[in-house]
Amino acid sequence: MSGSYDDSVGVEVSSDSFWEVGNYKRTVKRIDDGHRLCNDLMNCIHERARIEKVYAQQLTEWAKRWKQLVEKGPQYGTVERAWCAFMSEAEKVSELHLEVKSSLMNEDFEKIKNWQKEAFHKQMMGGFKETKEAEDGFRKAQKPWAKKLKEVEAAKKAYHAACKEEKLAISRETNSKADPALNPEQLKKLQDKVERSKQDVLKTKEKYEKSLKELDNATPQYMENMEQVFEQCQQFEEKRLRFFREVLLEVQKHLDLSNVASYKNIYRELEQNIKTADAVEDLRWFRANQGPGMSMNWPQFEEWSADLNRTLSRREKKKASDGVTLTGINQTGDQVSQPNKHSSVSSYEKNQSYPTDWSDEESNNPFSSTDANGDTNPFDEDTPPAMEVRVRALYDYEGQEQDELSFKAGDELTKMENEDEQGWCKGRLDNGQVGLYPANYVEPIQ
């Protein structure tokens with residue numbers, strides 16, 4: 001360690017070496033850092049678990065909302081089922097992410113917490129037992145060597161001071177020889193001063209070299225003792241590092257859904273459902289149920305009858321079943337009930353049924369009104385009034401038919417009738433407009 005000083009200039013050279021007095025504190029601090037890192041890792045996992053939970057909830061809400069929209073929308077047949085398969089995929093993936101969240105918190109988080117509790121032992125006076133043991137070990141190993149180092153510093157300081165004094169005495173003696181005013185006695189005193197200075201230099205140098213030699217002799221033992229304490233700290237840190245590696249691998253396994261068999265099955269099933277979509281099959285179904293393939297009671301000659309000489313009201317049309325008898329025409333039995341996927345659809349087919357009779361007394365508009373200005377409500381029917389309730393729109397809705405309301409998310413309106421079997425409500429906007437809207441697009445105002 002004598003190399004830490006430059007004897008030629010007498011200035012201590014700063015060093016960041018572990019072997020310098022007090023520099024072992026970085027190793028001791030690493031123990032406290034290990035405890036803090038356990039907390040950091042637990043917080044990291046906790047935040048990720050919260051993200052997994054929120055993501056799972058968002059998937060579920062998304063799947064529920066879009067499943068309703070698709071089922072009540074105009075899409076039909078195999079493509080509809082393929083579309084809905086995405087919502088089923090989201091629900092299943094949501095469950096897997098909830099399992100990830102549970103694994104992170106119940107396994108990984110708890111494992112770190114328990115290991116930290118077993119590895120670090122708090123003291124009554126604060127701090128950790130492991131930190132204090134390392135601090136005491138290093139201090140004990142360094143104390144003898146530090147004492148000798150202090151002696152070396154003092155000897156070096158004394159030696160350098162003697163050298164400085166000697167140089168000053170010689171300079172004074174030299175200058176006095178050129179000064180004729182000085183008597184021989186004064187010159188003799190200056191010469192004695194030079195001699196004493198040289199003796200002091202020799203003594204301090206000898207003491208300095210001796211103390212430095214003793215320090216060098218003590219250095220091997222000092223290094224051995226410090227190495228021993230340091231190795232103990234290394235072993236403690238190695239346990240933490242290996243434990244962190246183990247935990248991180250377990251976290252990786254919990255996050256990596258690509259190796260989960262059920263996760264792979266979800267997307268295999270999704271792919272199969274999409275590939276089963278058949279445009280030809282859907283077009284055939286639509287032709288048979290909504291197009292030219294539908295049966296029809298064609299008009300026939302009929303005798304006049306007083307009992308049948310009337311027009312079905314709108315309410316009667318909505319209640320009419322398949323195979324309605326046209327005015328004055330007996331039911332033929334050829335009218336086949338056509339299954340309709342969109343009997344509970346939104347704006348496309350909802351409550352209104354398509355009349356099978358025709359009368360000159362009605363215009364092509366099923367909501368014909370005698371008032372051109374719209375004073376007559378197309379929804380006026382012979383039904384008892386329901387209790388009106390204020391509701392708020394959850395989503396934007398654009399009416400697709402004349403009898404539908406349009407509104408934006410957050411708008412308030414009045415529900416006039418409860419939800420029917422097909423999922424529609426009758427309501428009134430604040431501007432007085434009355435119409436139908438999807439029941440699941442609003443919520444009651446508390």
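**A hairpin and its surroundings**

Modeller: Start with the hairpin of β5 and β6, which has five residues between its strands. There, G432 takes a positive phi near 95°. Strands here are DSSP runs (E, at least two residues) and helices are runs of H or I (at least four), numbered from the N terminus.

Colleague: What kind of model is this, and how are residues numbered?

Modeller: This is a predicted model, where local features need pLDDT of at least 70 and side-chain atom pairs count only at pLDDT 80 or more, while totals for chains, interfaces and linings use all residues. Residues are numbered from 1 along each chain as its sequence is written, and side-chain values use heavy atoms, with hydrogens and water left out.

Colleague: Where is Q433?

Modeller: Q433 sits in the loop between β5 and β6. Its relative accessible area is 35%, so Q433 is partly exposed. The cut-offs: buried is under 20% relative accessible area, exposed is over 50%, and partly exposed lies in between (1.4 Å probe, protein chains only).

Colleague: Which residues does Q433 touch?

Modeller: E404, L405, G427 and R428, not counting residues up to four places away in sequence. Contact means heavy atoms within 4.5 Å. Q433 and S406 are 27 residues apart in sequence, and their C-alpha atoms are 9.8 Å apart.

Colleague: And β6, is that strand buried or exposed?

Modeller: Five of the five residues of β6 are buried, so the strand is largely enclosed by the rest of the structure. V434, L436 and P438 point one way from β6. G435 and Y437 point the other way.

Colleague: What order do the strands of that sheet take?

Modeller: The open sheet has five strands in the order β6-β5-β4-β3-β7, with antiparallel pairing. Two strands pair if DSSP finds at least two bridges between them. β6 (434-438) and β7 (442-444) stand at the edges, each with a single partner strand, so one side of each has no neighbour in the sheet.

Colleague: New topic. How far apart are the end C-alpha atoms of α6?

Modeller: They are 16 Å apart. Helix α6 has twelve residues (279-290), and at 1.5 Å a residue it should span 16 Å, so the two agree. The expected span is 1.5 Å times one less than the number of residues.

Colleague: Which residues of α6 are buried?

Modeller: D282, W285 and N289. They cover an arc of only 60° around the axis, which puts them on the same side of α6. That arc is taken from the directions from the helix axis to the C-beta atoms. The buried residues pack against α2 (77-119). On the other side of α6, A279, V280, L283 and R287 are exposed.

Colleague: Last one. How many helices and strands does the protein have?

Modeller: Seven helices and seven strands. Of its 446 residues, 32% count as buried.
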